[in-house]
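Subject: Structure handover

Hi,

My notes follow below it.

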Amino acid sequence: MAEVSYRELSLNGLWKNNPAIVQLLGLCPLLAVTGSVVNAIGLALATCLVLVTSNTAVSLIRNIVSDAVRLPVFVMIIASAVTCIELLMQAFAYELYQILGIFLPLITTNCVILGRAEAFACKNGLLPSIYDGLIMGAGFGVILILLGGLRELAGTGALFADMQLLFGPGAADWKIVIVDNYQAFLLAILPPGAFIFTGLIIAVKNIIDARIQARLDSLKERPVKGSKRVRVTGTIS
Amino acid sequence: MALMRITSPHAHGPMSTARVMQNVLLATVPGVIVLTHFFGFGTLVNIIWASILALAFEALALRLRKRPLGFYLGDYSALVTAVLLGIALPPYSPWWLIAVGIASSILLAKHLYGGLGYNPFNPAMVGYVVLLISFPVQMSSWAAPRGVGELPGLLDALQACFTPGNFDAVTMATPLDLLKQNNSLLMDDLWQQNAQFGRWAGIGWEWASLAFLAGGLWLLYQRVFTWHAPIAMLVALALTAALFYDGGSSASGGSPLFHLLSGATMFGAFFIITDPVSSAVSTRGRLVFGALIGLLVYLIRVYGNYPDAVAFAVLIMNFAAPFIDQYTQPRSYGHAARREDNE
Amino acid sequence: MRQVYDFHGGIHPPENKHQSIAAPIADAGIPEELVLPLAQHIGAPAIPVVEIGQKVLKGQLIAEPAGFVSVPLHAPTSGTVSAIEDRQIAHPSGHSARCVVIATDGKDEWIDHSGLADYKSVDRSELLTIIRNAGIAGMGGAGFPTAVKLSVKAEVGIETLILNGTECEPYITADDILMRERAEQIIEGAQIIAHLVQPDEILIGVEDNKPEGIAALQTAAEGTGVEIVVFPTKYPSGGEKQLIEILTGKQVPSGGLPSAVGVVCQNIGSAVAVRDAVIDGRPLISRITTVTGEGVNDPRNYEVLLGSSLAYLLEQADYQTNKNKRLIMGGPMMGFTVPDAHVPIVKTTNCVLAPAETELPAPPPAQACIRCGMCAEACPASLLPQQLFWFSQGKEFEKAEQHNLFDCIECGACSFVCPSNIPLVQYYRAAKAEVVQLRKDAEKSEHSRIRFEARQTRLEREDAEKEAKRAARKKAAEEKARLAAEQGSTEEDPIQAAIERAKAKKAAQAEGSNSAESAGEKLEKAVVTTRKRLDTATAKLTAAKEDGSDLVDALQTGVDKTRAKLEAAEKALREHQHAATTKEQPTEEAKPIDAAQVAIKKAMAARVADADKSPEEKAREALQKLEARLQKSEARLAQGKAAGEEEKIITALESTVERLREKVAQAQSQANETEVS
Ligand code: SF4
Ligand code: SF4
């Protein structure tokens, strides 16, 4: 894998091979903490940071570590990164740290991270690995935030509540109330809502893919038809 | 001469899916009348509004799925779902509550799974549970029955539905709620201190239950479904209740009769768990299916978080239906025993 | 009253029998042309024995059976053979098939014929021959050759003979009118059949919606030991399996024959035909057919000559073309529509139904299955039709088979009750056809695999045998040498001498082993010589014992060894012979297989053409194919015998024929399953 196309990497991470809605990796935090946008952003940032760090480290040591011990080593690296992030959050966003709770340390076990380390970083150079971590983290994060937004909106009728947890007191009035007098729709915020909305997002993605495919096919159609007609005179099976 | 070519059989019985559904609708009539008598026009308004919405959502879903509208709307299945949900919801529910419920039923539980015949869960109950989880307050405020509180009139009922902010109905805890919250009173005292209790269960409830029982028996007579699931459920519920009934102490779970005539027991037994699509297929399977629902209803009512349990029990057993089918395949003609034994 | 049992499911479609039962049987007369398909039964089509232009008399044989599962064909009236060609026949797929066409002369001249005065005095096999020669095939619907069904082996032990007078299909009254008008003949037929199969009891099963027929039968049966059993009307109680359950409480095992539970089942129409053949010497040339439906003004039963066209028969009943869009051969539940009205009446045509559109409306479009379970309640085979439907639709054939797809008798009860109007039976037919196809493909590859493996093992075995033979020869030679040495010079060192001789012998043999002698002959020689040696050695041993010689021990071991050699040699010989036999077989098998493959290809093409062939048809085709194979093998066997071929080859051929016969029997069982009167 000498040639790494950054374009390809971006497309993969954000769409074609999106860790959250195509690979369906890391569903546990995805489903658990996306009750609101702020939670989703917090976890998205944390995950992205861990991904970049671990990819960097793994890529650096990829030629030193023997195959036999590589998995434990990767896990150690990831765990250290997570611990760092956890401590940072504890220091700068304590409330959010409390809300995210167990899901922060659990980033260690997020398959996206180990998956990228194993599938990409340990086979590629430093820069592509960093980029891959970043883009995969972004792909994961986008879905996380999208889901958080949808659920928050459906659940409470507002968006961006409690942003001060992450961005400091200045962000306290970022909250946008979309529907006044909204009756809290608990289901969206409860775990079933996470499943339903994830399913819907996947469905929408599949629809878009199908449309694109159909368009590509319709573009291809004509030349194929002609060549088929030529072939008819050949073998008839 | 051009002759028509069709494969056998050429004769067809009188039953049609539309007729099955129509029968179900008809059979709910006595229950609805009794509910209206005791709780006012709330249920009726629920049903009508739910029906309108259901048809609209059904049409929308069919349009999105590019299916012929008339043909599918003609099977009445959306109406049945709407009526069942309308009955299950508390009278005087606000319009948006019903809309969310119907949307969940028709779009989520039915069409997302492929439409009628492919839904693994009972659509009405999915709608109900979505609402129960999301809006516990609205879902647990039942109107007080006739003779206990003021009954709102038809206009009030409409107002309650469409401008919910301006309406304040007299609501009361249902007998099942009371039983759940009770932890110090003997049964008899509980009965005396609360006006909601009637002869065997709640005022109004008991009669509505009997009316649904009557409708259900008529459906049985019409051979719309077989007796297996409903009877199994009722028997299982009564037996479990009898087993745990200690004659009326404060820790009592309620008498078997109380359970049979409370909440959605009868309604569920004859109108919900008999939904063929999401239940087990063979008769033996339906016995198991019904009995387990009965058991679950009691357990959730007495030990769970929610006062009534039919919806949860039904959904849980919907999950289990394919599994039950697997083990209750009937012995076919000329086969010595079930296949599992042969293998 | 005898106890009757109930079977699971069943339905009560409107009976609509009164329309056609009011009038007595009418004679349909002689049409100008009779078209007689050569295959009106399950099994191989008959082979015509007449030529175009030949004059035939009524009852004259015009086609002879082609094998065991086949029936002959007779001219229904006198006339001239005008053609032997492919004509459109009544078949669910709208097939054409080879037919003998007779232009009638209207004289209706009989050929010489006579019946048996006393059927009890003749041999059982002779009776069977008479029935077979009369061309009788099951008249209830499937058309299985009656003689085949009746030739049950004595050791099977038939407890119950059942005559099926159920006629559970709506509209049809052919059996009912037969009971009313010809009850004595039914009873007589029953007795003849009973004489053949020797049952403990004779039952005639009738649904309780035919009180007059029952009364007539009861009067006729008085004092004959034939019991009339009446049971509640329910479709499909006339299905063979269902009827057996009703009358005996026993279920025919899946895939088995009724004889497995000690039952032989016959339609009452066939019983009358048997009686006519035995007592009157009259072959099967006409039958009773119901013509009914609102499309005819004069519904009734006709005694109609086989080969008359539907159009001719409908004409008699005052057919209203404008009222009718669909002609059904058989009843409304299991009958099939015919492509046009000029198809001929055949031996199995019990009813021609010309319904008005309002009477049997075309099915509305199917809705989704709501899994209501009504079909499962109606299914007489206790299947789960909705699951079968689900699996058939999803092409999950393995699961469909697990849910006993093949126990479905295609009675249509499930489709009848289905509120969503799903044509369930159609799905099952398609699924069955597809499964059969898959099985055939699998069998084909399995066959080639087996053939390959057989060849492989054969080669290995041959190598091993060569090795063994070599060893045996060597040892035998040594032994011989030793014995010779012992014989020659008992006083000198016998072992040394033996070794010498053995070496000499071996050298000689090594030269001779390349000779043209076949391996078998060599082995045989080895056996013979070893045996001789054993004899001499034993003799010597006895002599030595008598003398009290000190060589006894040595001789004893010598004898033992020789005996072991002999055994080894004999075994080698046996194995060799066995190998030779098996070697012969694959080549014999190869031919029929190739033929079958060709046939399979043909069948595939045919299947594409018609998706909804009835199971009877399929069984019939299968039988035909088998029949052809059987015949070929039989011919080959006869040839072989005539040519005085080797014993081994003949044995192999015989086993092939035997196997084919078994397959034919299997096909019979399939055919029986589908028969519902
Ligand atoms: S009767 Fe029809 S709709 Fe009902 S379960 Fe059977 S196939 Fe489905
Ligand atoms: S057609 Fe087959 S599945 Fe349907 S009722 Fe008859 S036996 Fe059962």
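Lys565(C) counts as buried, because its relative accessibility is 19% and the cut-off for buried is under 20%. Bear in mind that this is a predicted model. The residue belongs to helix α17 of chain C, which covers residues 552–609. Which residues does Lys565(C) contact, once neighbours within four places in sequence are left aside? They are Lys475(C), Ala476(C), Glu479(C) and Thr530(C). Take Ala476(C): 89 residues separate it from Lys565(C) in sequence, yet the C-alpha to C-alpha distance is 6.8 Å.

Some context on chain C. It has 677 residues, and 53% of them count as buried. Its secondary structure comes to 19 helices and 17 strands. Among its contacts with a separation of 6 or more, 74% join residues 24 or more positions apart.

- α7(C) spans residues 240–248, and nine of its nine residues are buried. That list includes Glu240(C), Lys241(C) and Glu245(C), along with Leu243(C), Ile244(C), Ile246(C) and Leu247(C). Gln242(C) and Thr248(C) are buried too. Just past the end of α7(C), Gly249(C) has a positive phi of about 75°.
- α4(C) spans residues 174–181, with six of its eight residues buried. These are Ala174(C), Asp175(C), Asp176(C), Ile177(C), Leu178(C) and Met179(C).

Next, the ligands. Both shells described here involve chain C.

Ligand 2 has 13 residues around it. Which come closest to ligand 2? Cys379(C), Cys408(C), Cys411(C), Gly412(C) and Cys414(C) do. Two helices of chain C, α13 (413–417) and α14 (424–488), each give at least two residues to the shell around ligand 2. The classes here are 11 nonpolar, one polar and one charged. Note that Cys is counted as nonpolar in these tallies.

Now chain B, for a helix pair. Two packed helices are described by the angle between their axes and the distance between the axes. The pair is α5(B), residues 95–110, and α6(B), residues 123–134. Their axes come within 8 Å and cross at roughly 135°. That angle makes α5(B) oblique to α6(B). The crossing is right-handed. On the α5(B) side, the contact uses Leu97(B), Val100(B), Gly101(B), Ser104(B), Ser105(B) and Ala109(B). On the α6(B) side, it uses Pro123(B), Ala124(B), Val126(B), Gly127(B), Val130(B) and Leu131(B). Eight of the residues in this contact are nonpolar, four are polar and none is charged.

Last, one residue in chain A. Is Ser36(A) buried or exposed? Ser36(A) is buried, because its relative accessible area is 14%, under the 20% limit. It sits in the loop between α2 (27–32) and α3 (37–61) of chain A. Leaving aside neighbours within four places in sequence, Ser36(A) is in contact with Gly148(A) and Glu152(A).

Best wishes

Notes
Residues numbered from 1 in each chain as written. Chains lettered and ligands numbered in written order. Predicted model: local features only at pLDDT ≥ 70, side-chain atom pairs only at ≥ 80, totals over all residues. Heavy atoms only, no water. Near = heavy atom within 4 Å. Helix = DSSP H or I, 4+ residues; strand = E, 2+ residues; numbered from the N terminus. Axes fitted to C-alpha atoms, helices over the stretch in contact; angles between N-to-C directions. Parallel < 35°, antiparallel > 145°, perpendicular 65-115°, else oblique. Left-handed = near helix turned anticlockwise from the far one by under 90°. Contact = heavy atoms within 4.5 Å. Buried < 20%, exposed > 50% of the residue type's maximum accessible area, 1.4 Å probe, protein only.
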